[in-house]
Structure formats: C-alpha cells, structure tokens
Amino acid sequence: MKCEEVAGVDLKDGAVRIFLNTHGKDDEGISPELKELLYFIEHTNDPGMVFQSEKVNSIRKSVRSIQDNEEVGLRYMQEWEEKLMYQRMARQEGLEEGRKEGREEGRKEMQSVIDEAKHKLNKAHEREIQTFLNLLESGMSQEEAQGITNSGDDIVREALQRFPVG
C-alpha cells in the first residue's frame with residue numbers, strides 16, 4: 001500500500017486505511033449514509049437531527065442515552081480527571097528528570113571550564129616563573145626582574161625555591 005500524501009512511502013502492511021473528514025467538501029463517491037454519519041459526528045449535540053439511515057439513528061439514540069445517563073457521565077468525568085491527573089504527574093516527573101539531567105550536564109560543563117581555567121592559570125604561572133628566572137640568569141637583580149615581570153612575592157619565592165640563584 002502506498003501513502004498518497006507522502007510520495008515514496010510504501011507502508012507494506014496490507015492494511016486499508018480510510019480517512020474521514022467531517023469538514024470535507026467532495027461528496028463524490030460517498031454514500032448518503034456516510035454523509036449523514038459525518039454530519040452527525042460534527043453536530044452530535046443538535047437535538048433536532050433526524051436521519052434517513054436507521055444505523056445513524058441507532059447510533060444517535062445510543063449516544064443520547066449515554067449523554068443522558070448521569071452514572072455514565074460521572075464515570076466518564078472521573079476517568080477524564082484521572083487521566084488528566086496522570087498526565088500532570090507524568091509531565092511533572094518529566095520536568096523533574098529534565099531539570100536533574102540539565103543540572104548534571106551543567107555541572108559537567110562547569111567542571112570542564114574550571115579544569116581548562118586551572119590549566120591556563122598553571123601555564124601562565126609557569127611562564128611567569130620562567131620569565132622571572134630568565135631575567136635573573138641574564139644578570140638582573142631580583143628587584144629589577146620583579147619590577148619588569150610585575151611578579152608578586154609568591155612568584156619570587158616559588159621561583160627561588162625551585163631554582164636557587166647564587
């Protein structure tokens with residue numbers, strides 16, 4: 001079976017599907033009974049409806065009976081409210097799960113940013129120490145090298161601990 005709405009889609013399931021539209025405009029090929037049924041579906045609550053088809057009248061009578069039965073209506077409303085409650089609970093669970101996953105993903109991303117920043121700081125720290133030591137090795141005094149590199153006392157201490165000068 002081919003799907004006429006989407007070219008190239010072959011359903012290959014052997015089923016026959018009929019799509020009915022209560023707002024359809026093309027009456028060609030539709031039986032009067034089907035036309036009445038579609039009209040009834042669209043106008044179920046119209047009390048003055050009378051149909052030629054006994055089947056449609058029978059369906060109309062059954063629907064009216066169900067609509068008029070308070071017990072059936074109450075059960076329907078209870079089931080509807082219960083379904084709505086389950087939908088809300090499922091939505092809430094989905095939101096909570098999504099938030100949890102989002103927080104976990106955010107933590108991972110933040111940790112990655114922190115790790116990268118630490119790595120860059122360590123590299124900058126090492127470069128500053130190396131620059132300070134290179135200046136000392138070139139014959140500058142500790143004060144001159146510290147002034148040029150703008151190094152703090154902690155950088156000077158660490159540099160001198162690693163590589164004691166003279």
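This is a predicted model: local features need pLDDT of at least 70, side-chain atom pairs count only at pLDDT 80 or more; totals for chains, interfaces and linings use all residues.
**Salt bridges, patches and a core**

Biologist: How many salt bridges does the count come to?

Modeller: The count comes to 3 salt bridges. One of them joins the side chains of glutamate 116 and lysine 120, at 3.2 Å from N to O. Those two residues also lie in helix α3, 4 residues apart, about one turn of the helix. Glutamate 116 is partly exposed, with a relative accessible area of 43%.

Biologist: Which residue forms a salt bridge with aspartate 27?

Modeller: That would be lysine 35, with the closest N and O atoms 3.9 Å apart. The pair counts as a salt bridge because the cut-off is within 4 Å. Aspartate 27 is partly exposed, at 43% relative accessibility, and so is lysine 35, with a relative accessible area of 35%.

Biologist: Let's switch to surface patches. Which residues form the negative one?

Modeller: Glu93, Glu96, Glu97, Glu101, Glu104, Glu105 and Glu109 form it. Glutamate 109 lies in helix α3, which covers residues 70–137.

Biologist: What about a nonpolar patch, who makes that?

Modeller: Val6, Val9 and Leu11 make a nonpolar surface patch of about 200 Å². Valine 9 is in the segment before α1 (32–42), and valine 9 is partly exposed, with a relative accessible area of 32%.

Biologist: Now the inside. Which residues make up the largest nonpolar core?

Modeller: There are 9 residues in all: Ile129, Phe132, Leu133, Leu135, Leu136, Ala145, Ile155, Val156 and Ala159.

Biologist: Which elements give two or more residues to this core?

Modeller: Those are α3 and α5, the latter covering 153–162. The largest share, 5 residues, comes from α3.

Biologist: Where do nonpolar side chains tend to be in soluble globular proteins?

Modeller: They tend to be buried together.

How values were computed
Residues are numbered from 1 along each chain as its sequence is written. Side-chain values use heavy atoms; hydrogens and water are left out. Patches are made of residues with over 30% relative accessible area and no salt bridge: like charges are joined within 9 Å, nonpolar side chains (Val, Leu, Ile, Met, Phe, Trp, Tyr) within 5 Å. Accessible areas come from the Shrake-Rupley method with a 1.4 Å probe; for residues, only the protein chains shown count as cover. Lys and Arg count as positive and Asp and Glu as negative; His and the chain ends are not counted. The place of a charge is taken as NZ of Lys, CZ of Arg, CG of Asp or CD of Glu. A nonpolar core is a set of buried Ala, Val, Leu, Ile, Met, Phe, Trp, Tyr and Cys residues joined through side-chain atoms within 4.5 Å. Buried means under 20% relative accessible area, exposed over 50%, partly exposed in between (1.4 Å probe, protein chains only).
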